[in-house]
Amino acid sequence: MRYFPLYIDTSNLSVLLVGAGEVAARKLDLLARTDADIHVVAPQVCDDIADYADSGRIELSGREVVSTDLQDVDLVYIATADNLLNQQLAELAREEGALVNVVDDPDNCDFITPSIVDRGRLVVAVSTAGAAPVFAKDIRGKLEALLPQSLSPLMDFIAEKRHEVQQKHFNPSQRRHFWERFLRNNGERYDSHTITRYQQCFTEEDAFGELLLLQQDVMPKLLPIAIIPWLQRVDLVLQDEVPAQALVELIRRDASRSFEPMADSELLTCWEQGQWVLRITNETEIKRLKAAFPFAKHLRPGAI
């Protein structure tokens, strides 16, 4: 993974955009959604960028860039038509400690800007590491169609209620189960019934958890897609050995993991307390566990 995705707090970020043509304007359309301080420097300015300056969203300097412009900035976007000037400015900016993006020149970038699906607090970024931006935009289009606009007010509602849930559910696992319950009941919509569904979740409880069984030599690519939401809810992974990396990628990242065996009585207690446990072990042990726990779900190629 050459480019590691990060979400940066832009509230105290200083951004310099060198160039003010159509290409620079498209970058500015995205940057202007953030809270960053933005300075655009260029001798000639297109109408779209002039509009941002007239609205007060950006600082605009209608002149050639000078070395002092590159001082005390965090990110520098360079979008001029002069390749030699782009290279010189990139080197100067790096000497000043800034991260640089030279537009349409991925080999000369410290970071790249992904295709973004913006639903307010929910932001999905798609990147091909600069190799196939058209494909990234195609994926973005599919996600735009998949994710409803109502997710934006729904995320605001959840953010508003987080403190209340933290006060009523002191256990992190209880809080996670509460929000899972809410999202199952409410779905992806925000409407006049959302607050009622939210309040109902305080009186509802998940009766039991789940015990998921997976044979350790099963190839992850053969498992049905339908198990992925299950694996993303796992609280505890009990494993005899380190599972294949492809399987690790499917399991909830912050699930607890242990190589220590757990007695059947302890497994039963976890299930009764609403925990989701994934047991990765050999075929013989899975057969025994299926006999001991008839409610357990055996994850295997083609079926659950």
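Ala, Val, Leu, Ile, Met, Phe, Trp, Tyr, Cys and Pro count as nonpolar, Asp, Glu, Lys and Arg as charged, and the others, Gly among them, as polar. This is a predicted model, where local features need pLDDT of at least 70, side-chain atom pairs count only at pLDDT 80 or more, and totals for chains, interfaces and linings use all residues. Residues are numbered from 1 along each chain as its sequence is written, and side-chain values use heavy atoms, without hydrogens and water.

**Exercise 1.** Describe the lining of the largest pocket by residue class.

*Solution.*
- Start with the space: about 1,200 Å³.
- Find the centre. Among the 36 lining residues, Leu6, Tyr7, Ile8, Pro114 and Ile116 are closest to it.
- A pocket here is an open set of points on a 1 Å grid over the protein atoms alone, where a 1.4 Å probe fits, with protein on both sides within 12 Å along at least five of seven lines; lining residues have an atom within 4 Å of a point.
- Sort the lining: 22 nonpolar, seven polar and seven charged.

**Exercise 2.** State which element gives the largest share of the lining of the second largest pocket.

*Solution.*
- The volume of this pocket is about 740 Å³.
- Of its 26 lining residues, Lys27, Thr113, Pro114, Ser115 and Lys137 lie closest to the centre.
- H1, strand E5 (99-102), E6 and helix H4 (133-146) each give two or more residues. Helices (H or I, at least four residues) and strands (E, at least two) are DSSP runs, numbered from the N terminus.
- H1 gives the largest share, five residues.
- By class, the lining holds 12 nonpolar, six polar and eight charged residues.

Definitions and conventions
Points joined across faces, edges and corners; volume = space filled by probe spheres on them.
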